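Below is a short note for a colleague who is new to this entry. Please read the points beside the sequence and the model.

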Amino acid sequence: MSGTENGQAADEPPAARVPAVSGTGIPIRGNDIDTDQIIPSRFMKVVTFEGLGQYAFYDQRIEEDPHPLEDDRFRTASIMAVNANFGTGSSREHAPQALMRWGIEGLIGESFAEIFRGNCLALGLPTVTTDSETVTEIQDWIEANPDEDIEIDVEDATVSYGDTTIDVEIDDSQQRALTEGTWDTTAVMKANFERVRDRAQSLPYIEDAEIPEQR
Amino acid sequence: MSDGTLYDHVWDEHLVETLPTGQDQLFVGLHLIHEVTSPQAFGMLRERELEVAFPEQTHATVDHIVPTGDRSRPFQDGAAETMLEELEENVRKAGIRFSGPETGNQGIVHVIGPEQGLTQPGMTIVCGDSHTATHGAFGALAFGIGTSQIRDVLATQSVAMEKQAVRRIEVTGELGEGVTAKDVVLSIIRELGTDGGVGYVYEYGGDVVESMSMHERMTLCNMSIEGGARAGYVNPDKTTYEYLEGREAVTTGDAFEERKAYWDSISSDPDATYDDVVEIDGSAIKPSVTWGITPGQVVGITETIPAPEDLPADKRETAEQAYDHMGVAPGQTMEGYEIDVAFLGSCTNGRLSDLRQAAEVLEGREVHPDVRAMVVPGSQRVKAAAEAAGLDQIFRESGFEWREAGCSMCLGMNEDQLEGDEVSASSSNRNFIGRQGSKDGRTVLMSPQMVTAAAVTGEVTDIRSFEEVKPV
Ligand code: SF4
């Protein structure tokens with residue numbers, strides 16, 4: 001999958017296995033960038049995620065000029081480089097959905113808020129981390145080389161840009177889920193339904209009558 | 001690795017299987033849903049031709065977009081109407097119980113769960129909302145999830161999760177005058193940072209927490225997420241059981257006694273092992289407010305706003321942004337900072353006790369002529385109980401608007417929004433830029449009592465000096 005033109009929605013679901021993602025980069029600088037900034041809540045009055053890409057960083061885009069998302073050099077970017085505590089705040093999956101639908105396929109950062117990170121995984125978007133200095137170097141490199149590809153290799157836990165390849169951190173379960181294509185957990189957990197029923201039966205607060213038959 | 005904590009016990013009781021990714025599949029005891037984060041999940045179920053597996057363990061309400069003024073249907077706001085209709089349709093088809101506006105039970109999802117007794121100790125509770133941590137006040141393991149996980153829960157009544165570390169936060173001593181649970185949690189976030197809890201679940205304990213009411217414990221656990229922790233909890237005790245007894249979703253008689261024994265058994269063992277223990281001196285906590293744009297930018301009301309060089313290096317840039325956005329400078333105090341709006345409500349501080357305490361401060365006084373003040377009860381039941389106690393009269397007579405139950409200006413998804421660069425004194429939980437509906441709006445978080453005092457004086461006010469001033 002490649003980055004999308006003009007911030008148009010990339011609505012097709014990503015491939016099941018995500019051993020690596022690559023494309024040109026976009027730097028979003030600043031610590032503690034919260035989900036209300038990534039997508040303001042007034043754009044969440046919708047019943048599907050379609051078309052959310054156009055609202056990514058909506059308020060920042062009119063404010064700072066030019067916000068990286070408005071900057072022509074980064075229009076087709078698919079790798080986002082961010083700083084610390086990115087995605088802090090609410091559980092809204094609208095936030096990574098908006099980024100994905102804008103064209104983002106993977107994020108490199110200093111650190112991510114937990115629910116945000118989980119939401120990214122549920123969409124097949126890798127979130128890898130490295131130290132603050134390295135992130136800044138990558139952001140600077142992207143600024144200087146907006147047309148060049150940067151690659152997040154999930155399998156090897158590395159990021160490559162220009163002539164440089166660095167080791168990054170990725171948690172084990174994310175790495176496995178992405179490389180094996182098991183990040184969509186519904187099917188995996190559905191297969192254990194008998195055990196789910198057993199579990200329910202063993203809990204004092206679940207009435208037997210509330211436990212469904214195997215569907 | 002923690003061992004023998006409530007978190008460990010509840011996790012083990014709900015573990016279905018360890019998945020190939022290394023994550024654990026956990027059975028979900030209670031799934032709460034609302035109109036903003038669930039419709040896409042129902043859509044995904046339809047796409048995959050899956051059904052809701054355990055409709056009895058799911059409960060719905062409408063809170064984020066619901067108007068808090070005119071509630072006649074269809075709503076004036078077409079988008080809000082569509083969202084409610086979609087939810088109504090989804091719950092009807094799946095056979096999910098719905099505390100809708102006509103039931104008298106509607107309200108903020110984290111207020112209605114506890115008040116109906118749905119929230120109980122030892123449960124796993126999830127909701128597509130980060131403040132699900134609130135339910136941890138009962139000794140439940142409660143956390144917010146994203147929409148894809150809502151799909152998982154609807155389809156399998158399970159979530160895939162990794163186990164986290166447990167940090168015990170021990171709040172010792174005794175709270176001073178004018179210091180509330182809100183001030184305690186703001187101080188904890190200030191101390192440990194907005195990302196200090198990443199990777200942790202917080203267990204709150206110590207004398208201060210043990211002597212808190214359930215309402216106060218909910219305020220405390222509610223803002224765990226603002227500290228970066230996905231869940232926070234308090235071990236259940238007599239206070240918990242007294243709150244629960246007699247609520248409609250709670251068993252009665254001998255079964256209740258048996259259940260208490262079970263709840264005791266899942267509490268943290270006296271010799272439990274924690275990954276980290278932090279002690280906070282409760283006696284040193286001052287009535288607190290935020291001065292910036294993250295819930296970690298907190299000062300005691302008489303303390304000065306820190307200079308960049310007083311802050312850790314990674315907090316300086318956000319501080320610069322905060323001075324700029326809020327129009328404040330290091331060395332100033334927040335006392336006297338002028339406000340335009342006073343907002344009393346939210347899942348942090350929109351319960352009956354919050355309104356009662358605010359009304360006590362307000363009685364016989366008047367809202368400042370330049371301030372728009374509103375009370376948005378956390379639920380229809382809170383509203384009804386407040387009206388039965390005559391609190392609405394106190395608010396109305398003083399110049400507060402008395403509105404219908406919902407999230408309202410906590411996140412500005414309905415008609416209750418800041419305009420331009422208005423300043424709000426807010427009892428809610430987030431002061432992010434743009435949070436209350438205007439991208440230039442400014443939010444100062446504080447306790448409900450302090451919101452009330454600010455409404456009267458028109459500026460951020462120290463509750464301790466305010467209370468001495470006799471009402472006119
Ligand atoms: S009151 Fe605010 S924080 Fe609580 S659920 Fe509603 S929007 Fe979220």
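1. The shell around the ligand divides into five nonpolar, five polar and two charged residues, where Ala, Val, Leu, Ile, Met, Phe, Trp, Tyr, Cys and Pro count as nonpolar, Asp, Glu, Lys and Arg as charged, and the others, Gly among them, as polar. The residues surrounding the ligand, each with a heavy atom within 4 Å of it, include B:His64, B:Asp129, B:Cys347, B:Cys410 and B:Arg435.

2. This is a predicted model, in which local features need pLDDT of at least 70 and side-chain atom pairs count only at pLDDT 80 or more, whereas totals for chains, interfaces and linings use all residues. Residues are numbered from 1 along each chain as its sequence is written, chains are lettered from A and ligands numbered from 1 in the order in which they are written, and side-chain values use heavy atoms, with hydrogens and water left out.

3. For chain B, the mean pLDDT (the predictor's confidence in each residue, from 0 to 100) is 97, and 100% of its residues reach 70 or more. The model as a whole scores ipTM 0.91 and pTM 0.94.

4. Within chain B, domain 1 (6–161) and domain 3 (288–466) each supply at least three residues to the ligand shell, the domain bounds coming from an automatic or database assignment. In chain A, the assignment gives domain 1 (1–13 + 182–215) and domain 2 (20–180), whose C-alpha centres lie 25 Å apart.

5. Zero disulfides (pairs of cysteine sulfur atoms within 2.5 Å) are found over all chains. B:Cys127 is in none, and the nearest cysteine sulfur, that of B:Cys347, is 9.8 Å away. B:Cys127 counts as buried (under 20% relative accessible area, with a 1.4 Å probe and protein chains only) because its relative accessibility is 0%; B:Cys410, at 6%, is likewise buried.

Notes: Buried means under 20% relative accessible area, exposed over 50%, partly exposed in between (1.4 Å probe, protein chains only).
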